[in-house]
Amino acid sequence: MVVVLLLLVSGGLIGVGWYYSGQLLEPARARPGYPETVTGVGDGTVSLAESRVSVLPGTWGLVWPDGAARVGGITGRSGGVVTRELVGSPPAVGAKVRMETAVWTGDPKAALGLEYRDVVVRTELGDAPAWLVPGTSSTWVVAVHGRGGSRTEALRVVPALHGAGLPVLAVTYRNDAGAPRSPDGLFHLGDTEWRDVEAAVRYAREHGARDVVLYGWSMGGAIVGQFLGRSADADEVVAVVLDAPVTSWTRTLELQSRNRGVPTQLVPVAELVSDWRADLEFERFDLVDHPPAHKPRTLLFHGGADGTVPVSASRDLAAASHRLGWPMRYVEVPAADHTAAWNVDPAAYERIVTEFVGSLNEPS
């Protein structure tokens, strides 16, 4: 009987671990749905059922299966309904929609009026599409989006970077739409994706870049961290911008477990199964305990209201940066949710980014 109970318990734990590893590793599960509901539309406004997301401050993208627009500040809130400013054609009343930090859809020309080229980065798995927005500087920015996101994530900061003269290469990586599939079809959380960023850095260097700045959001930050620690081309990177980066997958999984009401004691089980499925070493991703050998000047943003990646991890990295020999400026935006520091205050965010990239020729 004891043996049977142990088998049942262990089998149950493995099942739980498999489920949560699937949430983490399987690309199809990373694609967001449409959890918000439109309750009304007005002249330049849209009303949504009140939720944790629909009341967030700032400017956001609003998308639905056959359309997209932008929402701005809240103009009214009562009776479980939130009314916000709307830019663009409204969705239908009753439509299911999603608010997302990427406020523009389409390419840089359609979204921002900026000239660009569709280019191809040749990775070890095959050709990965990218956008190249040209500039006058020999310092290029390679922009790396987060898990389940796309190149459109970078469009928020392209105007500021373009205004500073920096070419921007907004990349895709394995398992993105249009990019090669990984051999096992799974995300590797940065453990292999960094090689695609390495290919992008080499593309930049081969096409005129003297120096490279890496810009990573969320899991894109984890990819950047692995590139800095493992790539032979890491020395080509003169600076890094990280926005709500995953600097510890363990702490990120613990936060998400608490959000779901799942005991954090199950996180090691999910990590064990994920390691078995994708050959991951979770300790490797902790940038405080395992910092990269190359530590360029870094600008680190994080939202104080981030419910996806713990702000405490970025705080700890910033606090340890002097000890680690890592020149770093930390900017925390109190009201911002995950990767929403720009959305809460675009002008302040862009000013800080512009000052940072403008200082790269100064001694650190």
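A: Val 71 stands opposite Leu 86 in E5. The model is predicted, so that local features require pLDDT of at least 70 and side-chain atom pairs count only at pLDDT 80 or more, while totals for chains, interfaces and linings use all residues. Residues are numbered from 1 along each chain as its sequence is written, and side-chain values use heavy atoms, with hydrogens and water left out.

Q: In what order do the six strands of the barrel close?
A: The order is E1-E2-E5-E4-E3-E6, with antiparallel pairing. Neighbouring strands of this sheet are turned by 50° against each other on average, direction ignored.

Q: Which strands are called the edge strands of the open sheet, and why?
A: The eight strands of the open sheet follow the order E7-E8-E10-E9-E11-E12-E13-E14, and their pairing is mixed. E7 and strand E14 (328–333) are the edge strands: each pairs on one side only. E7 runs antiparallel to E8, to which seven bridges join it, and Val 120 stands opposite Pro 129 in E8.

Q: Why is H5 called roughly perpendicular to H6?
A: Helix H5 (residues 194–206) and helix H6 (residues 219–230) pack at an angle of about 70°, with their axes 8 Å apart. Angles under 35 degrees count as roughly parallel, over 145 as roughly antiparallel, 65 to 115 as roughly perpendicular and the rest as oblique. H5 is therefore roughly perpendicular to H6. Axes are lines fitted to C-alpha atoms, for helices over the stretch in contact, and angles run from 0 to 180 degrees between N-to-C directions.

Q: Which residues of H5 and H6 meet?
A: Trp 194, Val 197, Glu 198 and Val 201 in H5 meet Ile 223, Gln 226, Phe 227 and Arg 230 in H6; contact means heavy atoms within 4.5 Å.

Q: What makes Tyr 116 and Trp 131 an edge-to-face pair?
A: Rings of Phe, Tyr and Trp (its six-membered ring) pair if their centres lie within 6.5 Å; planes under 30 degrees apart count as stacked, over 60 as edge-to-face and the rest as tilted. For Tyr 116 and Trp 131 the values are 6.4 Å centre to centre and 75° between the planes, and the pair is edge-to-face. Tyr 116 lies in the loop between helix H3 (108–112) and strand E7 (117–123) and Trp 131 in strand E8 (residues 126–133), so the pair ties together parts that are 15 residues apart in sequence.

Q: Where does Asn 175 lie, and why does Asn 175 count as buried?
A: Asn 175 is in the loop between strand E10 (168–171) and H5. The relative accessibility of Asn 175 is 14%, so this residue counts as buried. Asn 175 has a positive phi of about 80° although it is not a glycine.

How values were computed
Helices (H or I, at least four residues) and strands (E, at least two) are DSSP runs, numbered from the N terminus. Two strands pair if DSSP finds at least two bridges between them. Buried means under 20% relative accessible area, exposed over 50%, partly exposed in between (1.4 Å probe, protein chains only).
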